[in-house]
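Please read it beside the structure.

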Amino acid sequence: MSVETAEAPAASARVRMEDIVSLCARRGFVFQSSEIYGGINGFWDYGPLGVELKQNLKSLWWQRVVRARADVVGMDGSIIGHPRTWEASGHVEHFSDPMVDCRACKRRFRADQLDDAGPCPAREGSSEHDFTPARSFNLMLRTFIGASEDAASVAYLRPETCQAIFTDFKRVREVSRQRIPFGIAQIGKAFRNEINPRNFTFRSREFEQAELEFFVHPSERDRWFEHWIEERTRFHRELGFDEGVLRVRPHAPEELAHYARAASDLEFLFPFGWQEIEGIHDRGDWDLRRHSEFSGKDLSVFDDRRGEHFLPVVIETSVGIDRTCLALLCNAYCVEELEGGETRTVLRLPAALAPVQVAVLPLSKKLAEPARRIDSELRRRFHVAWDEAGNIGRRYRRQDEIGTPFCVTFDFDSEGDGRVTIRERDTMEQERVPIEGVASWLAERLEPRP
Ligand code: ATP
């Protein structure tokens, strides 16, 4: 594990964003949405490799947070909920950022992020912007339900996934026969009309969140808050984020959201600095209390062991899937100098998350047929890529660049000796393995993917 110093910043901070963006576009991880129309600001599409990376991250989260625990259940709520939801949650009233416009260049900025505004290109004799006073701008995206577009048909695309967990709390608890403390987890899209989407996928207008709302007795809130900070830090360590690139930052009281009693961010060291990738919040009983009031339905629980009716306190963990994918790419990206002065780009992704687990490479197209047999056997258990074009060195580089942990090469000796070469991504070490043992050799080192 590396300890980073001021002289040697973490690799993720040394990486240039343009290299990540260019790799993502070139290899089809992530690129602008609606590219053929010039793109749409704040929206991104994930290509064949990006969707695998994202899927693997979501599966790992679901495994660790939901399936591995007897005290957490999952759900999948709708993106558009009843508009009253957002009045009760406080989003209609409070979910806004301060916005200013420059009268000269007409650009729009977040008033709390003016350090990044730069000089104004439209003013002569001054490089400063000519800002309007700050106005409050609600970040929820609106739409209309049904045929008429009037005030009565306004609805919102959810700005966070968790509200469905609160509105469905009573039913989910009853059907799952859970007792407090227990949690409800969900992964899904959220939408925010960000004033200034930027830093690639870091701040987008459409993104995915993986959220857990863990309901506890008020007397146990501090213990569970600490528990979830530890659990979530452990998860990020599993992603390969060591002390040099991941830190826990407790919020100062004046930073707390209107509903929160305590909060800590898990921050990652991006090329553009330390930034939040996950928030862990003690939301108190705010959400259940407000939904009880607004809906007229009692959302309190009766605890027969305590002989007490109470509104549970919620400890929330909310991680951005897109931000974490970006952190994974920044952390994994590495350009290495090889003997002879050549360089190779490697994505040192954890094997559990790599989009492709193993590549099958016949040394020559003439060897395609026997190599195809290995390919189809491996496809039953792993995510496999097939590549028969170009010289073998170039093919290895192509796999290194997308983070494929192992390459299986079928060469001219393979038919004779019944063995293939397995090459490992990080060390580039090669091993001859009997063909019938390849699947189990890999299974010892890779999780099978359903
Ligand atoms: P920020 O201060 O960066 O706007 P936030 O504190 O509003 O973030 P939360 O409401 O706590 O974020 O959301 C939880 C997680 O959702 C964040 O840690 C982040 O990973 C993700 N997230 C929030 N807004 C965006 C966005 N615009 N684009 C991508 N991911 C986001």
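## Trp61 and the cores

Trp61 touches Val66, Ala185, Gln186, Ile187, Ala210, Glu211, Leu212, Arg232, Phe235 and Val319, leaving aside residues up to four places away in sequence. Contact here means heavy atoms within 4.5 Å. This is a predicted model: local features need pLDDT of at least 70, side-chain atom pairs count only at pLDDT 80 or more, and totals for chains, interfaces and linings use all residues. Residues are numbered from 1 along each chain as its sequence is written, and side-chain values use heavy atoms, without hydrogens and water.

The largest nonpolar core has 61 residues, and Ile20, Trp61 and Phe241 touch the most other members. Helix H10 (residues 321-332) supplies the largest share of this core, eight residues. Domain 1 (17-81 + 157-329) and domain 2 (356-446) each give at least three residues to this core. A second, separate core of 21 residues includes Val358, Val360, Trp386 and Trp441.

A nonpolar core is a set of buried Ala, Val, Leu, Ile, Met, Phe, Trp, Tyr and Cys residues joined through side-chain atoms within 4.5 Å. Buried means under 20% relative accessible area, exposed over 50%, partly exposed in between (1.4 Å probe, protein chains only).

The largest pocket has a volume of about 1,400 Å³. Its lining holds 50 residues, with Phe95, Arg192, Arg203, Glu276 and Arg323 nearest the centre. Strand E13 (273-284) gives the most to this lining, eight residues. The lining residues divide into 13 nonpolar, 16 polar and 21 charged.

The second largest pocket holds about 600 Å³ of space. Among its 21 lining residues, Ser59, Leu60, Glu447, Pro448 and Arg449 are closest to the centre. Helix H3 (residues 48-67) gives the most to this lining, with nine residues. Domain 1 and domain 2 both give residues to the lining, so this pocket lies between them.

A pocket is an open set of points on a 1 Å grid where a 1.4 Å probe fits, with protein on both sides within 12 Å along at least five of seven lines; lining residues have an atom within 4 Å of a point.

## Backbone exceptions

Most residues other than glycine have a negative phi, and most peptide bonds are trans. Ile180 and Pro181 are joined by a cis peptide bond, with omega about 0°. Asn199 has a positive phi of about 55° and is partly exposed, at 27% relative accessible area. Met428 has a positive phi of about 65° and is partly exposed, at 28%.

Conventions
Helices (H or I, at least four residues) and strands (E, at least two) are DSSP runs, numbered from the N terminus. Domain bounds come from an automatic or database domain assignment. Grid points are joined across faces, edges and corners, and a volume is the space filled by probe spheres set on the points. Ala, Val, Leu, Ile, Met, Phe, Trp, Tyr, Cys and Pro count as nonpolar, Asp, Glu, Lys and Arg as charged, and the others, Gly among them, as polar.
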